[in-house]
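Here is a colleague's note for someone new to this entry. Please read the points with the model open.

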Amino acid sequence: MTSGNEVVNVTINGLETKAEPGRLLIDVAEELGIFVPRFCYHPGMKSVAVCRMCLVHIEGSNKLLPACATPVAGGMVANTVEESAVDAQEGMLEFLLINHPLDCPICDRAGECPLQDQTYAHGPGTSRYIEPKRTYEKALEISELVVLDRERCVLCWRCVRFSDEIAGDQFIQLVDRGPGTQILTFSDEPFDSYFSGNTIQICPVGALTSKPYRFVARPWDLKAAPSVCSYCAVGCPLTNEVRTDEVVRCQALPNEQVNDFWSCDKGRFGYHYVDADDRLTNPLVRDGEEFIPSSWADAFDKIAAAVEGKERIGVISGGHLTTEDSFGIARLARDVLKTSNVDSRIQDAGAPYDRVLEVAPVAGSTAQIADLAKARTVVWIGPDPKETLPVLYLKLRHAVLECNTKLIVVSPRATSLDRCATHVVRSTDSLSTDAAIVNDIGDPLVVCWGPASPGEDHSASFDAARALVAKRGAKLLVCPPHAGSQGAIDMGVLPSLGPGYEQRQEAGLDTRAMLEAAAAGELDALFVFGADLITDFPDAGLARRALGSGVFTVVVELLPTETVSHADVVLPSAAYAERTATFTNLERRLQKLEPVKAPPGTARQPWEICAGLAARLGDDWEWLSFDDVWADIKKQVPTHKDVDLAAISQRIPESTLQYESQFENDAQQGDAAVAGPGGQYPKGFRQGFPIQTGQNWPLSWELRAFEARQRPGYVPPLPDGGDGASASAPASSSSSPQRGDGSFRLLTGRLIYDEGNMVSRSVALRSIQRKPYLEMNDEDAKELELADGDEVVVGANGTQTTLAVAISDIARGSVFIPYDQEGLRANTLMAGVDPHVEVRRP
Amino acid sequence: MREETRVTTRRLREFGQDSWTMQRALDDGAYEAARTAVTSMTPDEVIELVKASGLRGKGGAGFPTGVKWGFVPKDVLPKYVVVNHDEGEPGTFKDRELAERDPHQLIEGIIIAAWANQAEKAFIYCRGEFALGSRRMDQAIADAYGKGFLGKGIFGSSFDLDIVLHRGAGAYICGEESALLDSLEGFRGQPRLRPPFPAIKGLYGQPTVINNTETLSSLPSIVTNGAEWHKKMGTEKSPGTKVFSVSGHVNEPGNYEVVYGTTLADILELAGGMRQGAQLKAIIPGGASAPLLTSTDVACDFESLKDAGTMLGSGAIVFMDESTCMVRNALVTTEFFEHESCGKCTPCREGTWWAVKVLERIEHGEGRPEDMDLLLDIADGIDGRSFCPLGDAASWALRSNVKLFRDEFDQHVAERRCPFEGEHGEHKVLVGARPRGVGLGDAGIVDQPAAGIATDAWEEGKGM
Amino acid sequence: MSVFSPEVRAEAEAIVAKYPNSRSATLPLLFLVQSVEGYVSEDGMREVAEILDLTPAQVLASASFYTMLKKRPQGEYLISICRNISCTHLGARRVIEAAEEALGIHAGETTADGRFSLEAAECLGTCDGAPSMQINYEDFYRAAPDDVRALIARLADGEEIRSVRGEPVKTAKEIARETALAGVRTSPADRRSGRTIGGEVPPPDASPGFRPPVLGDSDA
Ligand SMILES: Cc1cc2nc3c(=O)[nH]c(=O)nc-3n(C[C@H](O)[C@H](O)[C@H](O)COP(=O)(O)O)c2cc1C
Ligand code: SF4
Ligand code: FES
């Protein structure tokens, strides 16, 4: 917040403070602990000053001014509780209420409703309005996720502004005018946005509600804890909110460094897997064709029996494990199982994260998300971020639209970023050859690289990124796919890197090699942590052969998967809502998860399982708690030796808002108070006296958000030296040659909603999942005499399937098929690196 | 004095039906002022001239035109001139007549303004309902292109100027300059948050001069006759002439151009006095937005009217005789603001809606004694708190009706009926009667649950 | 199915070319839809959205703001009788009632045969002719109940009638078309023509609130 520039003195309600000129009065007041009532203002969006709720008195002005649109200036003397201001606040609430249905008893928002709270705090006791209220048809389902009730709407425009300004999905708009003004979508076109859930969270009344959460709970029955989204590598902080021990809602927590105030709908509505009926609750041990439940001790005995004295062991871990888990896995593999065959790359198999060290002191990002807005140029080499890293897409869009950053997109197929990009190229070569582009690359420059298409040889795209970074001394934002990916890299779950990016002399086998070994009968045991190889690995056939080879397999999982069905021992894992842990996001930022419920049955955290196995195999790490693990990490992982755990969960600065309940001083509330309801309205002044609010009046999101905004997390500093200036120019990348007649390079990638194990457990999200399809360049289509929507037969290594063609802007000779939609898993069409498919007319 | 001082209305009064044609205009020496400005004056000289003349905006705010031009940054390109021809203030019909009957004077004014501000593109935002005016301006612009007064290198200079005629689509608020800009950009015509002001960031985010039709039509005569000539007319603070639109219960309603400072009495006399010697009851001196007056010995200039507690506004004067029901007057006026409120800000949107409901009850004999105070509270609740002046205006009109004629309101409540019933036809409640947009019907005056709303085309398939 | 024929589509492009920013063409294009459909149909709004690269919702947002853009099929003749101050005080309500009787509908409605629509208008800027009215936006002054009945009768008989200014009254579709094409012939295709790309162009203006995305001007 405090940028270096000069500050001025401002007086608000008699309190003196200093603030940078130009900052909004409403924010400055809030930091003083003075909450100015508001509806339309939201710190994440531009002011429009339409609700007129925040009118305050400013000396020297003959009119009241909206605090949300009034920049502070030197010597400004403002008063938010002076007669005329209070009168205006009361009047405005009376106006807002004359047409408000007051159906609070059946409104989801009741109890955490800014209108309710602020009426309570600033509103008139009674209404003088005796005429009929404005009525509209209630509860329109404007999408599978969002329900709209126009009668409750106070026309703050937040949802419209969010969709317009932040998401760029202008599907929900203001319609009609005057007293007939309302929020609406067009005809039967749904509010079809990956970010629609945010509008529910910022709606200051119950006008927009969540279809999955509708009528499920009352805020005061909820228990909530701050956590971090377990899906993608952006790592948006979220709440997990439970009612009678079932997760019923997730909401975005603000972190200005990461997600501002937003999350995508996958993170917000993808929580149902936690309480899925088929969660694994006890260890299972194979007995012939079936599994029998067993104790942990027996399960461990069985494993010990199988691995003791064996050398040929492989350890594969999925992308969704926490930093602690990854450390446990790496240590179990190297110190206990004595193998360097350990890898965490599955969907992104073969991604050369270790080679990032050639140009950076870490095998990860040297840039942070916040750098995107500061950059003059951003080069994007990776997948379509809107599908795979949704909130990063918002950040890139924001950088272009609001901060005049020039964006250059390098992708073999059209991405959502293209329309706000200055240059879009389909081949990495253009980066060095196209003069127009080279001229547009200015400093500061941030190069974003992430593995794009599963199964492809990622070194080509990486070389392009690496070259640019080396040549320009640019910052690099490494964008691995999953929430746990970077943590795994940092903790050494890679065949070539140990914890803290320590280069191993002789690298172990990577995932593909391990599977090939297993398939060839050259592996004695395989440990799989939180990964469904058969759906996730970009060669389903190989995964099947490997797991079917009879190799002794241990699988640690949340839910039954096809991989689980091949296991010899299955160990149930605790889910993220049930854990104290950290995720390391793509900036290498550590953020804290806190438990809101107990794991089912005897499920354990993966790191506990590692420690347990180690102990059983004769190496007791003495890991009893989260803190024990971290004590160990700090000892063994040089890059993390200075991690300040307090800093990760601490609020900085301490909140200045004071509550009548004094709960901010109540240790027990701890961080739960940040996220969950149960707080109280902040102390303010009204005609000089404290507001009288009710007991345990739940805190509206306006305030919770303000509180939580101050949990930035922690990014381990870059070790000095080794910034890779030495890097030599890479071999120029040539996209693999087009083979003639009907053979195409197969590009794939995950769509936001797919058959993924966790997300597909959410009925609503599954219902809006897209059907599988095939993208093809129109020239290629012409040659095959195909038109948009035509059916084609796609075939590779034995399998054949029929798909609808979508003509799109994709490199010639390539087709795109989504990775894992209902009815087709693209990895069944893959064999080996850089897979190709045959495409022909039926 | 009981004389008009015809300056901007001279040509259209002297020539008959075809005063609007290029031929007539040229006979009368049109475009010479523009030629002089473009070929023999620097832009700054023109701005200085207009400053010196003391010309004040005639669209409502009365802001000194030259000063406004002075705010426009010189170095930012492109710049635009926008003509505010969205005349919608009830009682006002001066811009309509000026554009219909002397469009060339307006175009000449636009050229002068564009040259002064170095704008190579001008937009005329013509009120949608003004079919004839648009038709004639369209023709006049075509003729001006034909004569080389518009287009590339006008008057043989190196200055290019294009005029784009743009039609509104029925929204009073689009007369408000920033709303006009949003409307011209294809958005809902809702006022913008200011600063930045249009002169700095206006149309498409570029510096933009917005002037009223009458203001621009006054420019040629100033360039021709000079600042001194202009300052000599009218009062010190309000120099020049103003076209007043006179209507209501007078014998000869119409536009009358007089110097600022002329009294209402004189203007009433110009308009032939009250019809059949009827008694004057109330005066709206500056359009529906202006608080009422009851006496005619007030001079019509910005200062005097301000001192009299009202405003000159757009120069629309409505004289009402004693047959007028002031409750109905308040209702009609407030209904107008409710219908035209853009709906952006709470006080205007909800306040006008509420006031209309209360006034309707009173007019139909269902008023309560406490309603008058309630109306005043509603007015206070809007005044000074709305996003743009429309809300303020609604509150002023409402307040002055209740304050000045409270006894008449009380009478309605006491007699449980309108004492003027039948005078001018029943005051039928026009539910949904007023122009409807593509919107969901006039939801603003829908009483019955969801009437006219749930049935809308784009709602089918919605709801549960 | 598309609302605009190829010819009309060409006119639409000419309208777009009037402006530095294509989005400015929203209102004229909606009038153009009205001139084809008789009102602003959903398909029409979809087509305008497609031409201007906006979402249909964005077009609806603008369209629904303006009273001259009709959402329901309108009569061939739209009779607008002013209900504002001067006219009401000079008996406009009687005129409205007379028209309602003559047409057998309420103000705000359209006759079953689709020939007439009636509305009580806000100030038409013709208070000097109060009570005043417009038929398809041509002016008629000092409308007495009898005059209105007579006018309606003549229109019903298909007679041509002229406004107080001697202008022939056009049909609703004709006047919508004229409105859409106003200024097109004199507007050379804009030299700095730029097209908005949905909402996805950097606004030149960082001030608070919605700012129009502007391609043409962003780099000026
Ligand atoms: C609600 C409202 C309606 C307005 N309507 C008009 C109008 O119809 N015509 C007009 O010229 N100015 C109107 N104005 C004034 C304009 O905002 C602006 O002041 C004027 O066009 C500036 O031109 P001028 O300086 O030449 O008067 C209106 C202002 C408000 C607040
Ligand atoms: S006062 Fe508010 S609602 Fe009324 S017109 Fe202005 S901005 Fe719109
Ligand atoms: S919060 Fe400031 S006007 Fe709405």
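1. Chain B first. Its 464 residues would give a radius of gyration near 23 Å as a compact globule, and chain B has 23 Å, so the two agree. That radius is taken over C-alpha atoms, and the globule rule is 2.2 Å times the number of residues to the power 0.38. Along the principal axes, the C-alpha trace of chain B spans about 70 × 65 × 40 Å.

2. A word on the basis. This is a predicted model, in which local features need pLDDT of at least 70 and side-chain atom pairs count only at pLDDT 80 or more, while totals for chains, interfaces and linings use all residues. Residues are numbered from 1 along each chain as its sequence is written, chains are lettered from A and ligands numbered from 1 in the order in which they are written, and side-chain values use heavy atoms, with hydrogens and water left out.

3. What is chain B built from? It has 18 helices and eight strands. Helices (H or I, at least four residues) and strands (E, at least two) are DSSP runs, numbered from the N terminus. Buried residues make up 70% of the 464 in chain B. Buried means under 20% relative accessible area, exposed over 50%, and partly exposed in between (1.4 Å probe, protein chains only).

4. Contacts and surface of chain B. Among contacts (heavy atoms within 4.5 Å) between residues at least 6 apart in sequence, 70% join residues at least 24 apart. Chain B exposes about 13,700 Å², and carbon and sulfur atoms supply 52% of it. Accessible areas come from the Shrake-Rupley method with a 1.4 Å probe; for residues, only the protein chains shown count as cover.

5. Charges. Chain B carries 50 positive and 68 negative side chains. The centres of the two sets lie 3 Å apart. Lys and Arg count as positive, Asp and Glu as negative; His and the chain ends are not counted. Each charge is placed at NZ of Lys, CZ of Arg, CG of Asp or CD of Glu.

6. Two prolines in chain B need a look. Most residues other than glycine have a negative phi, and most peptide bonds are trans. The bond from Leu77(B) to Pro78(B) is cis, with omega near -10°. Pro78(B) sits in the loop between α5 (65-70) and β1 (80-85). Arg194(B) and Pro195(B) are also joined by a cis peptide bond, with omega about -5°. Pro195(B) lies in the loop between α9 (177-184) and β4 (208-212).

7. Cys174(B). Is this residue buried or exposed? Cys174(B) has a relative accessible area of 0%, so it is buried. Its place is the loop between β3 (162-167) and α9 of chain B. Beyond residues up to four places away in sequence, the contacts of Cys174(B) include Asp86(B), Tyr125(B) and Tyr66(C). Tyr66(C) belongs to chain C.

8. Chain A. There are 26 helices and 39 strands. Of its 842 residues, 65% count as buried. The accessible surface of chain A comes to about 27,900 Å², with 50% belonging to carbon and sulfur atoms. Helix α4 (residues 158-167) is mostly covered, with nine of its ten residues buried. Among them are Arg158(A), Phe162(A) and Glu165(A). Gly168(A) follows this helix, and its phi is positive, near 70°.

9. Arg52(A) has phi near 65°. This residue lies in the loop between α1 (25-31) and β3 (55-58) of chain A. Arg52(A) counts as buried because its relative accessibility is 7%. Arg142(C) has phi near 45° and sits in the loop between β4 (138-140) and α7 (145-156) of chain C. Arg142(C) is partly exposed, at 47%.

10. Cores. A nonpolar core is a set of buried Ala, Val, Leu, Ile, Met, Phe, Trp, Tyr and Cys residues joined through side-chain atoms within 4.5 Å. In the largest, of 229 residues, Val234(A), Trp380(A), Leu392(A) and Leu29(C) touch the most other members. Apart from it lies another core, of 54 residues, including Leu49(B) and Trp69(B).

11. Ala831(A). Its loop runs between β38 (824-825) and β39 (836-840) of chain A. Ala831(A) and Pro538(A) are 293 residues apart in sequence, yet 7.8 Å apart in space, C-alpha to C-alpha.
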